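Work through the exercises below with the sequence and the model at hand. Each task is followed by its solution.

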Amino acid sequence: MSGGAPVHVCFDLRTLGELPQPARAYSLALIDGMLPALIAGDRATVLLGAGATLPPDAIEHPNLRYRTCAHPAGTARGAAEVTRALRTLRPDVYWSADPCQRPPHCPSRRWRMRVVYAVECLPRAMGFWPRLWRRLTVHQWLLGADALVCPTRALSVRLVARLGLRARRKARVIANGVSPRFRRHSAEEVLAARRAWLVPKRYVILAGHSDFADDLAVPLRALGNNEETSSATCVVVGDARLPEALRQTVRDCHLEGMVRFIDEARIPIDALSALYSGASATFEPARGADYRPSILRSLACGTPVICAATAMNRELCGAAALRVHPTDPAEWARAFVSLTLSAPLRERLVAAGLDWVAGRTWGGTARETFALARELARHP
């Protein structure tokens with residue numbers, strides 16, 4: 001899919017603040033890694049909502065433009081404003097990570113714009129009327145798109161099962177990357193991050209979200225019920241509701257004082273990367289989550305990963321991680337003890353993880369994104 005004439009892709013980020021965390025993180029990381037594709041001659045326009053601000057380190061390039069819309073995305077004025085803007089910009093592809101956002105209507109015979117939706121997570125279960133509305137509107141918009149992009153094949157299979165066989169030919173897989181700021185850190189950098197965030201010397205990282213508190217409780221039970229693992233502090237990185245969601249599990253496992261909660265929204269990326277780099281291991285027990293950045297982040301930082309044995313995790317980490325039964329605390333404990341006692345096993349996993357993520361960059365994800373746009377532009 002590489003090569004071909006340059007394309008102009010319009011990325012609709014007007015509803016960025018309303019997106020789920022996976023879609024929001026994907027959109028920002030994709031824009032951040034777009035520089036290699038822009039240097040190659042492709043163009044991009046980023047549509048922002050009223051009052052929206054990009055991160056201070058947002059890239060700037062002559063082939064990249066940011067355009068702020070005056071009206072909200074979900075209103076008739078907002079739809080008309082975007083339609084007028086696209087008729088002026090005339091992009092080849094309209095790209096959105098918000099499946100609830102109606103694609104612009106551009107009925108021009110001389111110019112046809114392709115529509116792509118990037119699906120980072122499937123919609124959650126809802127009531128009867130919201131489900132009916134989603135089926136009549138969102139599903140119709142997704143099925144009317146030219147392509148549906150997913151980060152893993154396992155998620156694309158679930159998406160096709162949700163939408164029906166009509167979506168099979170539209171589903172494409174473009175693997176997500178990992179930020180270059182997640183890397184192996186020196187002992188001094190790890191020590192500075194530990195002191196700043198009050199983390200002891202021996203610890204493991206448990207990353208997740210409060211929606212999957214039941215899954216996150218399994219490795220906590222493994223730490224609390226095994227004498228060989230109970231001396232390690234567990235640093236739980238996630239959203240602000242996680243402490244409340246896991247408080248009862250911490251009490252039941254007698255881990256008071258051995259669990260440290262960190263709100264991922266508050267910790268800088270460099271400090272989080274240093275904590276990943278200094279951890280004894282990273283636990284990723286979530287089974288239902290579609291978004292698992294902790295796996296690639298840990299592998300990039302040279303930290304072994306113990307994760308649930310699911311199809312998506314197998315696709316994300318290959319043989320570079322230890323996969324265990326999702327609901328068996330004894331297996332989690334045995335895997336962690338093996339990492340602690342076997343230096344050859346740890347060295348093998350670290351080397352395999354660094355090799356695995358060597359080519360996983362957001363720049364590569366952006367290049368594949370524009371390659372798909374070129375393919376759609378050439379072949380209607």
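**Exercise 1.** Find which helix gives the most to the lining of the second largest pocket.

Solution. Helix H3 (residues 76–89) gives the most, with four residues; helices are DSSP runs of H or I, at least four residues, numbered from the N terminus. The model is predicted, so local features need pLDDT of at least 70 and side-chain atom pairs pLDDT 80 or more, while totals for chains, interfaces and linings use all residues. Residues are numbered from 1 along each chain as its sequence is written, and side-chain values use heavy atoms, without hydrogens and water.

**Exercise 2.** State how the lining of the second largest pocket divides by residue class.

Solution. The lining has 13 nonpolar, 10 polar and three charged residues, with Gly counted as polar and Pro as nonpolar. About 400 Å³ of space lies in this pocket. Of its 26 lining residues, Arg14, Pro72, Ala73, Gly74 and Gln101 are the closest to the centre.

**Exercise 3.** Identify the residues that touch the most other members of the largest nonpolar core.

Solution. They are Leu148, Tyr203, Ile205, Ile262 and Leu275, in a core of 58 residues. Such a core joins buried residues (under 20% relative accessible area, 1.4 Å probe, protein chains only) through side-chain atoms within 4.5 Å. Apart from this core lies another, of 33 residues, including Leu13 and Ile174.

**Exercise 4.** Decide whether Thr249 is buried or exposed.

Solution. Thr249 is found in helix H8 (residues 242–252). Its relative accessible area is 11%, so Thr249 is buried. Leaving out residues up to four places away in sequence, Thr249 touches Ala217 and Leu220, where contact means heavy atoms within 4.5 Å.

Technical notes. 1 Å grid on protein atoms, 1.4 Å probe; cavity = no way out; pocket = protein on both sides within 12 Å on 5 of 7 lines; lining within 4 Å. Points joined across faces, edges and corners; volume = space filled by probe spheres on them. Helix = DSSP H or I, 4+ residues; strand = E, 2+ residues; numbered from the N terminus. Buried < 20%, exposed > 50% of the residue type's maximum accessible area, 1.4 Å probe, protein only.
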